[in-house]
Amino acid sequence: MNQLRPMLLIALFFVAYLLWQAWDQDYSPHPVSSATTSQVASDNSNAASAATPTIANTGAESAATTAQLITVTTDVLRLTIDTRGGSIVRSELLDYPVTPRTKKDPDPAPIRLLDDSASDYFAAQSGLVSADSAAPDHRAVFQAAQTSYTLADGQDALNIDLTWSDPSGIKVVKRYTLHRGSYVIDLDQQIDNGSGKPWDGNAYRQLQRVDRPVPVYNNFLQRMSDQSRYGFFGAVWYNPDQKFNKLAYDKFAKEPLQNQSTGGWVGMMQNYFLGAWIPPAKESDTFSSAIVDNTGGAPHYVIRAVSPQISVAPGQQASSAAQLYVGPKLPDVLQTVAPGLELTIDYGMLKIFAEPLHWVLAQLDKITHNWGVSIVLLVLLINLVTFKFTNAQFESAAKMRRLKPRMDALKERYGDDRQKMQQAMMDLYKKEKVNPAAGCLPLLITIPIFYGLYYVLRDSVELRQAPFFGWIHDLSAADPYYVLPVLYTIVMLVQQWLMPPAAGMDPTQQKMMKFMPIMFAFIFLFFPSGLVLYYVVNGVCRLLQQWWMMRRHDSAPAKAAA
């Protein structure tokens with residue numbers, strides 16, 4: 001029973017935290033219209049920040065040219081490139097469906113990260129700007145040789161060339177290169193100066209996105225069970241000096257980004273997925289943010305990286321390279337793409353606990369090939385490691401229960417003199433070698449596991465839609481039929497039946513303890529089923545250990561008498 005009270009405090013604090021986050025998201029002040037801030041930039045204004053030279057010419061012929069969409073398909077990505085700007089306006093992650101695969105729906109639609117719809121707009125844009133020469137920004141129209149590209153069997157890389165030219169003699173080829181099995185897209189902007197004067201300008205790469213749409217829920221349980229509401233959704237950036245930083249959309253106007261960085265990157269992230277522009281490691285770029293007015297629609301938020309000046313002499317060529325990552329937040333992959341990119345797996349303050357838990361689960365999954373079974377094995381491992389400390393907790397509880405008649409006698413003897421009563425109890429504990437604080441260490445282990453595992457289940461894409469058995473098709477989502485919360489409640493009821501209220505507990509506390517199973521049943525309705533699975537198995541392990549300890553202690557007097 002000692003372990004139930006701290007668990008109640010943990011769970012109550014956790015639900016209060018979730019409720020506060022939900023209230024903050026729904027009712028806290030949202031960003032003001034971009035028209036009221038100095039950071040506002042029209043979509044027809046300069047494509048880069050104030051640190052970037054003004055666009056003097058984007059190609060007069062572009063306005064009369066019709067843009068078209070190009071489809072590019074690899075084994076893991078399906079992209080849509082708009083020839084207006086050569087921007088990637090859609091990206092479908094073929095290995096990550098929107099809903100879990102089932103017998104009724106064996107091939108659900110894939111997640112669309114980059115999206116050109118008005119409500120979920122998210123685009124990866126790039127371009128060139130020049131103060132006194134022609135340069136194609138992300139609105140100039142390019143030409144392509146075909147409208148569909150597919151990575152063929154046996155082919156490791158696929159190139160897509162987009163061409164722009166100006167009557168002055170400036171020609172730009174924007175080349176995207178995609179690789180088999182990779183979410184990294186190489187970008188190369190090659191400048192061919194066929195004019196009679198030097199070309200000076202800058203390359204930029206930016207991500208433009210709207211804030212997440214307000215979800216519509218059918219009921220309160222569905223609303224609270226949606227764990228994606230609690231993860232960070234916004235802009236992020238990294239450099240070796242200031243490390244990983246987040247910029248929420250409601251901070252764009254008040255805390256605009258303006259930073260010089262060598263060896264960093266800029267991105268926008270959400271639960272499980274990420275889009276990020278990664279300049280060359282030795283290139284010193286200017287990072288900045290802006291709000292783009294969408295002419296009456298939702299404001300668009302921009303985070304960009306602008307290269308140093310590029311100079312191209314007449315008759316010469318130059319190029320500007322970068323990489324775009326658009327895919328899942330897989331730790332083993334991200335840390336090979338760019339330094340600090342793995343930090344976008346945002347475990348928050350409990351990273352020190354969540355990362356080891358994730359690592360252990362990942363190693364177990366290599367053996368079991370089932371994340372649910374891996375969670376069960378994690379429970380057994382933790383119980384094996386903490387067996388001695390938990391034993392001490394149950395042994396202390398058993399001794400306390402046996403001392404109850406003597407403690408009741410002390411209460412009658414000293415009445416309202418609490419000081420003398422507490423001193424007498426301490427003397428009794430010392431004489432009988434009972435440690436009331438024996439349950440503290442298991443609690444110190446329980447708290448970080450509880451929160452750490454929650455963040456692992458919420459933010460690890462490997463556990464997204466990971467099935468267990470039977471009705472559990474997604475360990476990161478709540479149990480759809482509430483079976484696991486009910487099982488945990490039954491385990492708690494049996495624990496209460498085996499372990500009567502501890503000595504010294506007043507009637508109010510006793511009533512609260514009886515109410516706890518119902519409270520936990522309600523609380524666990526919201527939690528990811530993987531987390532509830534952990535506590536069901538852990539509860540059964542503790543119950544068996546508790547039963548064994550009580551049986552041993554209850555039989556001790558009989559043996560002594562014999």
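Of the 562 residues of the protein, 50% count as buried in this structure, which is a predicted model. The secondary structure comprises 12 helices and 21 strands. Among the contacts with a separation of 6 or more, 68% are accounted for by residues 24 or more positions apart. The protein exposes about 26200 Å², of which carbon and sulfur atoms supply 58%.

Strand 12, which spans residues 199-210, is largely enclosed by the rest of the structure, because 11 of its 12 residues are buried, that is, under 20% relative accessible area. Several strands pair with strand 12. Strand 6 (residues 122-129) runs antiparallel to strand 12, and the two are joined over 8 bridges; within this pairing, Ser-126 stands opposite Arg-205 of strand 12. Strand 19 (residues 300-306) likewise pairs with strand 12 in the antiparallel sense, here over 7 bridges, and His-300 in strand 19 is the bridge partner of Val-210. A further antiparallel pairing, made up of 3 bridges, links strand 12 to strand 20 (residues 310-312), where Ser-311 is the bridge partner of Asp-200.

Arg-90 counts as partly exposed because its relative accessibility is 22%, whereas a residue is classed as buried under 20%. Leaving aside neighbours within four places in sequence, the residues in contact with Arg-90 are Leu-69, Arg-78, Leu-79, Thr-80, Arg-112, Leu-114, Asp-115 and Asp-116. With one of these residues, Asp-116, the side chain of Arg-90 forms a polar contact of 3.0 Å. Arg-112, another residue in contact with Arg-90, lies 22 residues away along the chain, and the C-alpha atoms of Arg-90 and Arg-112 are separated by 6.8 Å.

On the surface, a nonpolar patch is formed by Tyr-481, Tyr-482, Val-483, Val-486, Leu-487, Ile-490, Val-494 and Trp-497, which together have about 790 Å² of accessible area. Leu-487, one of the residues of this patch, lies in helix 10, which covers residues 483-498.

Methods. Residues numbered from 1 in each chain as written. Predicted model: local features only at pLDDT ≥ 70, side-chain atom pairs only at ≥ 80, totals over all residues. Heavy atoms only, no water. Buried < 20%, exposed > 50% of the residue type's maximum accessible area, 1.4 Å probe, protein only. Contact = heavy atoms within 4.5 Å. Polar contact = N/O pair within 3.5 Å; in protein donor to acceptor, adjacent residues only side chain to side chain. Patch = residues over 30% accessible without salt bridge, like charges linked within 9 Å, V, L, I, M, F, W, Y side chains within 5 Å. Areas by Shrake-Rupley, 256 points an atom, 1.4 Å probe, with all protein chains shown as cover. Salt bridge = Lys/Arg side-chain N within 4 Å of Asp/Glu carboxyl O. Helix = DSSP H or I, 4+ residues; strand = E, 2+ residues; numbered from the N terminus. Pairing = 2+ DSSP bridges.
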